[in-house]
Amino acid sequence: MTAATPTNLRTMMRSRPPPFAYGIVLFLGAVTAPFLLSLGTTISINSDFGFRRSLSNGSLYSLKDADQYSNLQASHDIDHSIENRARQNDDPDKCSRILLYLPDFFADHGHGSQINTYIMGVTTATYLNRAMVLVEPPLEVNKYAGGSQFGCPIDAFHETMTKTSSLRGEANWHVREDFPLGFSRLIQHPAWLSNGCPVPCADTHGYKSLVQLYQGYRGGDFTEITCRNPDGTETNVVVAAGSRLRAYFREHEPTMTRNHPSPEATQWALNLGATPQEAGLFSNTKDSRKVWDFVLGLMNKAGFFKLQPWIARDVALFLKSFDLPMDEEYSAIHVRRGDKLAVEARGEVVKYWREQGHVDENNLPTDYVPFAHYLSQWDGPDKCLTNEKGDLQVMKHNVYVATDDPIVVRQEIAALPNQVNQNTVLWNDCHQLTFHFNPTDASAFHLNGDGEKGFEQEGEGTEDSCFMRYRRNIASIADMMILSKARTFIGEYNSNWGRVIRTMRVRLNVPVAQSDDTSATVVENSIVQGMDSLTRTLDSRIAWGSTRERSPGY
């Protein structure tokens, strides 16, 4: 391959601008690193074996990285045998009952809303004892350039040069026919949810007719249809998506946790990848809050949210450009401001300032909760460790700050007392906090810019809009991964982001889940080998607002 000249490099980067801080690496990787995919490489959407086979231990992105960055949990928290068994499932009736999920009906929302609604779909499908199959709109009717709201990695395209375009020095880009569209460009929908089933009824029900079924929902139970597949089998189908799925869940949520213990509850847990022992414990769990956390624990154990290999790769390359040492323990703070505080969480902001003595809601010191209040979640000197002389021991913390308001937050940090250096302060006399930020600009924090009402329209129709959206996508997923894997998370539940992070941090208590005793007595007491609950949530501290844990997807 001929090395790119500076002029050609600038031209190519204008035609497909890569994410900031790692774009050069991605471009030069085609020349210098064998791990990067060429434009002609084919990726199987059912398996990342071919992708993983191309990795080498000496490259910038290795097999170890693929395991580390493919999920929002650590690899050791996932039981990979659940997916492996599902891929070998040869039950002839495994595709007889299917929930078709149409992600496109929430595609104009941010990451948090889309992921939460997907979680709600997973919960609903497994509860209804149905396989869950994703159906994306065909490229010709897809409203996003490149076929996905999550943008375009370079892997999505075949590059061709026409006689006219070559004279202009421009490339024509064509999305590969086998490349995932829509929400499926972000995640690998697992076989333990889909049962490996294709989209049913393809001969009789196209995408448009599925949309009509979805739009016909007016409450109550989903409308069922039974259709014959090309191979002669029959499939019973319901269609769910977006706001109507949320309406269904809101209506049925109280009854979903009521029928415990029961064979149906046991089957629900098995559908989520539970062992027979875990399913028995789940069935005997009656408290609705505990049921929902058990559902989340099972989902996380099964690794329900696995990133596509190109997402994992580019997130890894992006995070390698950070100065945050992710191979060590760190803490993370999520500070969401913008539109959430202006409308949805305004009451909580007013409540906070009222508790500080400011009763005039039209004349508050700030229209947000100060950053210093998040830091108050760290223990005070009364709980700090002391040495043999009685002096406080300073504990050092690397603290990542994910925020849509980085300029103001940096100003707030600069105004804190006890400054050690530019990015480090001594808090409560014993916590030395060194702050780290995403190196991109503020607009990269959310997929659709400031807010979740719709995507940015600037440049929408220009050749680089798909790449710009991918840049925001990678920056957002990187933040979400850091927050999910942090030793300590500090945030709030007012935003979809905060609730997604809490979901990703729920774990089963392994000694309880592996107990052979599934009786109601064990569930009620929930004390096995020192564990006092069937589930646990990694250290998560709510800075302000409601502390109520919601059901999955809310």
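Colleague: Which residue in S6 is the bridge partner of Leu 99?
Modeller: Val 238 is the bridge partner of Leu 99 in S6. Before we go on, this is a predicted model, where local features need pLDDT of at least 70, side-chain atom pairs count only at pLDDT 80 or more, and totals for chains, interfaces and linings use all residues. Residues are numbered from 1 along each chain as its sequence is written, and side-chain values use heavy atoms, with hydrogens and water left out.

Colleague: And how do S1 and S6 pair, parallel or antiparallel?
Modeller: S1 and S6 (residues 234–240) pair in the parallel sense, over five bridges. Strands here are DSSP runs of E with at least two residues, helices are runs of H or I with at least four, and both are numbered from the N terminus. Two strands pair if DSSP finds at least two bridges between them.

Colleague: How many bridges join S1 to S2?
Modeller: Four, and S1 and S2 (residues 131–134) run parallel. In that pairing, Tyr 101 is opposite Leu 134 of S2.

Colleague: Which helix goes with S1 and S2 in the β-α-β unit?
Modeller: Helix H6 (residues 111–127), and the β-α-β unit is right-handed. That handedness means that, with the strands pointing away from the viewer, the path from the first strand over the helix to the second runs clockwise.

Colleague: Why is S1 called largely enclosed?
Modeller: Four of the five residues of S1 (residues 97–101) are buried, so the rest of the structure largely encloses the strand. Buried means under 20% relative accessible area, exposed is over 50%, and partly exposed is in between, with a 1.4 Å probe and protein chains only.

Colleague: Switching to rings. How many aromatic pairs are there?
Modeller: The structure has 22 aromatic pairs. Rings of Phe, Tyr and Trp (the six-membered ring for Trp) pair if their centres lie within 6.5 Å; planes under 30 degrees apart count as stacked, over 60 as edge-to-face and the rest as tilted.

Colleague: What about Trp 268 and Phe 282, why is that pair edge-to-face?
Modeller: Their ring planes are at 90° with the centres 5.4 Å apart, so the pair is edge-to-face. Trp 268 is in helix H11 (residues 263–271) and Phe 282 in helix H12 (residues 276–283), so the contact ties together parts 14 residues apart in sequence.

Colleague: Are those two buried or exposed?
Modeller: Trp 268 is buried at a relative accessible area of 1%, and Phe 282 is buried too, at 0%.

Colleague: Which aromatic cluster do they sit in?
Modeller: The cluster is made of Tyr 127, Phe 249, Trp 268, Phe 282, Trp 292, Phe 294 and Tyr 554.

Colleague: Which rings have an Arg over them?
Modeller: Among them is Tyr 214, with the charged end of Arg 244 over the ring, 5.1 Å from its centre. Phe 437 has the charged end of Arg 410 over its ring, 4.1 Å from the centre. The test is NZ of Lys or CZ of Arg within 6 Å of the ring centre and within 35 degrees of the ring normal.

Colleague: OK, disulfides. How many?
Modeller: Four, where a disulfide is a pair of cysteine sulfur atoms within 2.5 Å. Counting bonded cysteines along the chain, the pattern is 1-3, 2-8, 4-5, 6-7.

Colleague: What's the sulfur distance for Cys 95 and Cys 197?
Modeller: The sulfur atoms of Cys 95 and Cys 197 are 2.0 Å apart. With -100° about the S-S bond, that link is left-handed. Cys 95 is in the loop between helix H5 (81–87) and S1, and Cys 197 in the loop between helix H8 (191–194) and helix H9 (207–215), 102 residues apart.

Colleague: And Cys 152 with Cys 466, left-handed or right-handed?
Modeller: The torsion about the S-S bond of Cys 152 and Cys 466 is about 75°, so the disulfide is right-handed. Their S to S distance is 1.5 Å in the model, and both cysteines are buried.

Colleague: What's the S to S value for Cys 201 and Cys 227?
Modeller: For Cys 201 and Cys 227, S to S is 1.3 Å. Cys 201 is in the loop between H8 and H9 and Cys 227 in strand S5 (residues 225–228), 26 residues apart.

Colleague: Last topic: what is the strand order in the open sheet of seven strands?
Modeller: The order is S9-S10-S11-S8-S7-S12-S15, with mixed pairing. Strand S9 (419–421) and strand S15 (540–542) are the edge strands, each pairing on one side only.
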